[in-house]
Amino acid sequence: DISQVHRYVVYMASDAVGSNRSLIGPHVMTGTNLLDFPLETPELYFTHVLVYTRSINVEQTTPDAFLLNDTDASVSSLAFVDQDLDATQMGGTATWNSPL
C-alpha cells in the first residue's frame, strides 16, 4: 500500500540482496522517485543499486535491485575531410573506428 511509504532509501551494494551496502545521498521523498549520484562516486566493490521503501517506522526487508553498468565506449581515429571549398561551408565524410 503506497500510502504507508514515507520515503525511499537508496544504497550501492555488492549484490542484489544488500551485502556490504552503502547509503547514497539522503532519503528520497515519495513522489520524487529520483536521486542524483554525486560525481566521482567510487565504484569500489559495488555491483548493484538497491532501492528500499521506508515507512515511518521501518525500512522494508527486500529491496528492488538492478545491476550497475558503468561502462563507456569511445570511438577512435576520428577524421573529417572537408570537400566543400567555400570558406564558410563544409561538406564531406566523417570516419572513425568502432570502440574495442
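Me: What does contact mean here, and what share of the contacts in the protein between residues at least 6 apart join residues at least 24 apart?
Reply: A contact means heavy atoms within 4.5 Å. Among those in the protein between residues at least 6 apart in sequence, 43% join residues at least 24 apart. Keep in mind that this is a predicted model, where local features need pLDDT of at least 70, side-chain atom pairs count only at pLDDT 80 or more, and totals for chains, interfaces and linings use all residues. Residues are numbered from 1 along each chain as its sequence is written, and side-chain values use heavy atoms, leaving out hydrogens and water.

Me: How many helices and strands does the protein have?
Reply: Both are DSSP runs numbered from the N terminus: helices are H or I with at least four residues, strands are E with at least two. This protein has seven strands and zero helices.

Me: Why is the protein more spread out than a compact globule?
Reply: The radius of gyration is taken over C-alpha atoms, and the globule rule is 2.2 Å times the number of residues to the power 0.38. Here the radius is 23 Å, well over the 13 Å the rule gives for 100 residues, so the protein is more spread out than a compact globule.

Me: Which side chains meet in a salt bridge?
Reply: A salt bridge is a side-chain nitrogen of Lys or Arg within 4 Å of a carboxyl oxygen of Asp or Glu. Glutamate 59 and arginine 21 form one, at 3.0 Å, N to O. Glutamate 59 lies in the loop between β4 (48-54) and β5 (64-67), and arginine 21 in the loop between β1 (7-13) and β2 (22-23), so the pair ties together parts 38 residues apart in sequence.
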